[in-house]
Amino acid sequence: MESLAATFRGEFLDGLCLPHCPNFEAWRLCHRDITLRVRMEILRALVRRLQDRPERVNVYSLVLDRLTNEIAAVDRPEQWPEPSVSGVSNGSRDVPLRSLPPSQPGSAFISRNFETDVPWPAVTPSKRSQEIRFCKTADRVTIAYAVCGRGSPIVRAAHWMSHLQYDWESPVWTHWIDALSEKTKLIRYDERGTGLSDWIAEDISFAAMIADLESVVDAAGLDRFTLLGVSQSCAVSVAYAVRHPERISGLILYGGFVKGWRKRSDSHEVATHEAMTALIREGWGQNNPVFRHLFTAMFIPGADEVQMDWFDELQHISVSPSNAGRLHEAFGEIDVSDVLSQVTIPTLVLHARKDMVVPFQCGREFATGIPGARFVDLDSANHILLANEPAFERFVREVTRFVAETA
């Protein structure tokens, strides 16, 4: 059964979406939900059988919890769409992500217990909700983006290793999403090659990253908004701000770098990152998480075991080894040093003091190069700030105040 559980890799036909073919989409979504339920049954059986082996059962429990939240919408009759899958139309530029009710063919078997043939108990859904949509870029790549919350809009430019649905329930990202969407409308998206966006993309360049941001902003119908860059998307956000200053009320940059690891001309750093690229391509896709755990320890050294397990799994499901390697190489070639002085909008720069992924001086470089930028030094070693640390509380306070002042 463990071998069977290991065969699941993402959703059924993940990355294949034909929004102008409603019959195909109805079939695809139905079978996506069937395979999701089969996977849950297998995981439930494993959790029961491995109760006396906590070191093995923990990972299966984490994945099962995530899938339970994903399938909750399917089990709620009030959210089932009509069999015609309304919302997928030829004229819509945004295609909401829908699920079909269990009354569709094949789901009668799947809604029953894998071992005892009795129905599963009802799942209590989360009160939080997001709407996942899709848009096309100029080079015909499909980008997935999510909208949640209400108020003035804030766009979080895509960063490495994101998955709109998995992040939604993750103990690594949930507090970020909740804090940013409490008083604003938060728009997040998965960059090309990752998450729910197309994994097949010829161009994974810095220019393509900027174009993806432009496509999402246009598809979401935003006239003016706050732009948040995280990690490598700080440079993407700066480039966008220089091109479209009239659309941005304020620019927030967290944990970013002006120049990529190859452009910083540090021979030791270049050698380290080249070794990391090799590790990504060789070890990222293996069932043994030891390779991915090296990156988890760098990104969130202050995390507990549960958070680390979630982040290990995020790396596994959000991007293929090949795309992860390609993106890591692309990040090394980024350089926006020549355009920093052209940023004319209010800018807030924040960086963790002991960040192990992006050196602290990289954040200071943004603050010194952008006219009038304000810099906030956060006392943390985590590249992704965790919910229980004072640095995250300060991050939220600073961002909330900045948005209120600039919106």
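1. At 47% relative accessibility, D379 counts as partly exposed; that class lies between buried (under 20% relative accessible area) and exposed (over 50%), computed with a 1.4 Å probe on protein chains only. K354 is partly exposed too, with a relative accessible area of 47%. D379 and K354 form a salt bridge, their closest N and O atoms being 3.6 Å apart. A salt bridge here is a side-chain nitrogen of Lys or Arg within 4 Å of a carboxyl oxygen of Asp or Glu. D379 sits in the loop between β8 (374–378) and α14 (390–406), and K354 in the loop between β7 and α13 (360–369), 25 residues apart. Helices (H or I, at least four residues) and strands (E, at least two) are DSSP runs, numbered from the N terminus.

2. This is a predicted model, in which local features need pLDDT of at least 70 and side-chain atom pairs count only at pLDDT 80 or more, while totals for chains, interfaces and linings use all residues. Residues are numbered from 1 along each chain as its sequence is written, and side-chain values use heavy atoms, without hydrogens and water.

3. The salt-bridge count comes to 15. One of them joins the side chains of E214 and R243 (3.3 Å, N to O). The pair links helix α7 (residues 206–219), which holds E214, to helix α8 (residues 233–243), which holds R243. E214 is buried, at 18% relative accessible area, whereas R243 is partly exposed, at 47%.

4. E333 and K263 also meet in a salt bridge (4.0 Å, N to O), and they are 70 residues apart. Both are partly exposed, E333 at 41% and K263 at 37%.

5. Strand β4 (residues 184–189) is largely enclosed by the rest of the structure, because five of its six residues are buried. Strand β2 (residues 142–148) runs antiparallel to β4 and is joined to it by four bridges; two strands pair if DSSP finds at least two bridges between them. V147 stands opposite I187 in β4. Strand β3 (residues 152–156) runs parallel to β4, with five bridges, and I154 stands opposite L186.

6. The largest nonpolar core has 94 residues, of which W176 and F366 touch the most other members. Such a core is a set of buried Ala, Val, Leu, Ile, Met, Phe, Trp, Tyr and Cys residues joined through side-chain atoms within 4.5 Å. Another core, of 14 residues, lies apart from it and includes L36, Y60, L64 and L67.
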